[in-house]
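Here is a short briefing on selected local features of this protein. Keep the structure open while you read.

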Amino acid sequence: MSELIIRKSMKSLLIIPFAVLHLILSIQQTGSCYSGHVAEFEQSLSDTLNLDLGPDPKVCIGAVFTLNENPIPGDYIWLGQGLSCNDCPSPEFTASSQGIFIITCILNTPCCSDTDVIRINVAPGFQPIVNILQDTVICQGEILSLGGAPSPGHTYSWSSDPAGFSSILSAPPIQAPQVSTIYYVDVTSPACIYPARDSVVVRVYEPPVLALNSSAQICLGDSVSLGNTMVDPDVSYSWSPNNGTLNDVTVANPVALPQSTGIHVYTITASNPGCTTIDFASVLVSDLQLTLNVPDTITICKGDSREIKVTVLPNGTLVSWSPLQNLQLSPDGLTGAVSPSSITTYTISSSIAGCSRSQTVTVLVDSLPDYLAVVPIDTNICLGTQVLLDKPVSQAPFDPTHFPDIQFAWEPSTGLLGTNDMYSVLVQPMDSMEYYRITTNGVCKDTVFASVNVIDPPDLTVSPDTSFLCFGESVQLSAMAIGFDSLIWTPGLGLTCQSCANPVATPESSTNFVLNAHYLGCVLSDTVFVEVQPLPLYEFPTPGMLCGGGTLQLNLEADTTGATYKWTSTPPFNIPSIDQPSVLLDVNGTQTIRFVMEADNGCVIRDSFSVQVTGVDLTLPAPDTICPENTKLLTAQASIGGGTYSWSTGATTQAINVSPLQTTTYTVSYLYNGCTFQDSVMITVQGQTPAIMFPADAALCPGDSIMLNSVETQGAVYTWTSNNGSFSSNEAIPDAFAPATSTTYTVTATAPDGCSITKSLPVTVFNASLSVSDDLVICSGEPFVLTATGTATGTYLWMPGSITTPTLRDTLFSAQTAEYTVLYTYGTAGNECYLEDTVNVTVLQGFTIKIVADPDSVVNAGEEIMLDAVVQPSQNQNGFTFEWVELGGDFQGNTQIVNVTAGSDSSVIYAVRVTSPNGCMATAQVQFRVIQSLVRVPNAFTPNGDSFNDVFRLAVVEGKATVESFFIYDRWGNKVFESFDPDASWDGTINGKEASSDVYVYRIRWRNSDGSLQVSSGDVTLLR
């Protein structure tokens, strides 16, 4: 960071940069000079210098003073007499004799140079002697003398800045002012017609302000901060005693760590260049000891308690406990019995004279699940059975994640199935036993007991062991169950009773019947098997109405039981003796038939069913003979109406017309009531039909010819006509001709044997026209469009270029005459028709425009812009016309170069249209971003000399802004500051004195870069 040296007499600082600078200016006084650092200043590159040596001085002989006290950086050359140096920035001038001394200064910088001349008028006589105090610092309230002994014949006149002091004494006494002040003295004497002036700066300091922790209380071994003083960088701090109990004796707020009990006193001396403040802080140190008889963590079982004893020194010091829940305290508070139900931390505290101690004990609580009972607690089981010793069904299981360390152990091990370390256990004792389970979790333990009594019942038997039945037959079952109760047969389906000793069984299939009987709670069982022979298998069809002539299967289910079958019917049919016979239903009209079945596989079954059969008579005409390609009507007749017809040709009408080329058999089907009946007829084709062969392609382009027929039958008679009456002929093969329009031609031919035929031929004639664009005259570089339009659907081909669209787009860049030909194709595939046309394009010499602008793209609002329309390629511009416009705005001029002014929009586009003598035209446009004046007014500033936010001003964020007037008012409306400086700012002083922290009102009149007047007003907070 750069550093500046500023003389005390400087009231402003001129900085002329040679590049873009960003500066922060922070000023501090050292003796008669001020040192500063650059900060927060931005200045663009300056193209000119402003060397100013000030007004011409008037002095007497003996005067010594410095020229160019505020030098601009650069190389200096001084010309003249009385100078202390000729190449330094600020030489001293000594008035050694009377006269006018002309001093010339030449300043050179890397970018430019400047010269200034000063005339020094040295009058006769000697310069008055000035005795004045050197610049000094004092503390508020001190008294000092400003000058020295008076010189004979001299008169003195004192003044001050800020104003308010005056005196005519040579050494007037003053009491320290409230703020730093410059005192000026003007001295005159009879020996010199010009007065001499000098000044002294008296800088005033306030006594350092201290904020101490004057009476702190701590425990032995603890530390404490001795103050809360706001640190002043101009103040030095010193603490005593420096006995090692302070962490730093040179800071405003050190930390003290006394090593013994009692009162410790610390002294601070705070000094700035003008004042010293002394103050004291005391620390009372006490010793307090608190111990417990248990570690910081203990464990109990839920529901139990644990005793905690406290020892405190000094004896008799009160002790407090927290929390008080689940706590029983002794009268002296030194013993507590804790019994929390969940993990709890108890804090035991004590304090004396600002010293506090505390201890904590965390009580961990082990627990068992809320319900550990086992069921059954006392139970009977049958010999050989098992029982699960487990929780009651109504009791929800405990969550194992809540008891990760829980353990179980079952005793004794006799009859245990599986391990003995689970919550529940499965047992199968041979004799009565008592089992118990021990549960542990941490310090908790629980034991439960369960008794298991074993019962040995007598035997149970049932008869018969087995039985054979036909389906639907029954058998008596018997049981020997002396001493048993609660008899239950399963399954119960097919039994006359389920809980008696001797039920009758009628099962539908082979079944194992099981008898369960109870003896003192034990269940025994025995089984009897009843085999059931199935009946012969059959399933009659359910066809409803059947069709005559069809086949019917009498049994739909094949027999797997080994049965023999016998079938009869009414009326009688010849039916084979098998399980699934079929019969042909050959009947006329509607008839009902009954079928009877008898089957035997050891079990005999007899059954019957009936069906209704429908038959229809269907007839066609007798066979017939026709000529080839002639038509015959065929009509079908059904004995019963209401059905539908279906022909082998695909027709569904009762009658059809047929025209076979050869002998053909036609079949008709008749659908009635779900039944289909058929009949057929043969149509014989004989004789000779005259031959006619139309052309395969009957599509023509304009002017094409066609031959209507290419074959002839000898002796046949041909007659030709057309639908529009334009054609007739009796020739078998008429001559080829070219029809003008689409026409349908009809011919009738009759052979000598009387066979005849009539046919028609539609002939299509494609007629279309083509129109294209007129010949063109264009400028080079100018796009053009040629269009071809055909009256029929077709395709286009432009040459050169092989463009296949109706529209051709092209651009020619040199003067020439070009020929474009289009080929138009229409018609159908294989019958294409063609039309062709040509367009001539004459190209004149053209040009383009480039806009050269100054500035080129970014301007301030209100700034003038030079626009130049440059014709490319370069050529004689006689006869060229120019038209400039602002897009969306006004006409701007009709010359090659125009000057325009940017408006208030954020952007602007200027366009030019240039026309040459031959009529060719070109356009171009250029866009500018217009920077509007954007300002920001801060809402607060801090004039504390830290070089940051020290003044209040109008901040220009973008563009340009010039202040016309700058006013500041206090909260009562009094004007406290005004300025008409274009770069005005307020430093937070009123009449040279620091203004207090408060809210002030501002009103700033300023102009945009476009010259428009703006007003910014509001309030700003001054913070110190």
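An open sheet is built from 4 strands in the order S67-S72-S71-S69, with mixed pairing. The model is predicted.

**The sheet**
- Strand S67 (776–779) and strand S69 (794–799) stand at the edges; each has a single partner strand, so one side of each lacks a neighbour in the sheet.
- From one strand to the next, the twist averages 30°.
- S67 pairs with strand S72 (residues 831–844) in the parallel sense, over 4 bridges.
- Valine 777 stands opposite threonine 842 in S72.

**A nonpolar surface patch**
- Ile263, Val265, Ile278 and Phe280 form a nonpolar patch on the surface. Together they have about 430 Å² of accessible area.
- Strand S22 (262–271) and strand S23 (276–286) each give two or more residues to the patch.
- Isoleucine 263 lies in strand S22. Its relative accessibility is 64%, so it counts as exposed.

**Backbone exceptions**
- Most residues other than glycine have a negative phi, and most peptide bonds are trans.
- Serine 240 and proline 241 are joined by a cis peptide bond, with omega about 5°. Proline 241 sits in the loop between strand S20 (236–240) and strand S21 (255–256).
- Valine 375 and proline 376 are also joined by a cis peptide bond, with omega about -5°. Proline 376 is in the loop between strand S31 (355–366) and strand S32 (378–382).
- Asparagine 326 has a positive phi, near 55°. Asparagine 326 is partly exposed, at 39% relative accessible area.
- Glutamate 629 has a positive phi, near 70°. Glutamate 629 is partly exposed, at 34% relative accessible area.

Technical notes:
Residues numbered from 1 in each chain as written. Predicted model: local features only at pLDDT ≥ 70, side-chain atom pairs only at ≥ 80, totals over all residues. Heavy atoms only, no water. Pairing = 2+ DSSP bridges. Axes fitted to C-alpha atoms, helices over the stretch in contact; angles between N-to-C directions. Patch = residues over 30% accessible without salt bridge, like charges linked within 9 Å, V, L, I, M, F, W, Y side chains within 5 Å. Areas by Shrake-Rupley, 256 points an atom, 1.4 Å probe, with all protein chains shown as cover. Salt bridge = Lys/Arg side-chain N within 4 Å of Asp/Glu carboxyl O. Buried < 20%, exposed > 50% of the residue type's maximum accessible area, 1.4 Å probe, protein only.
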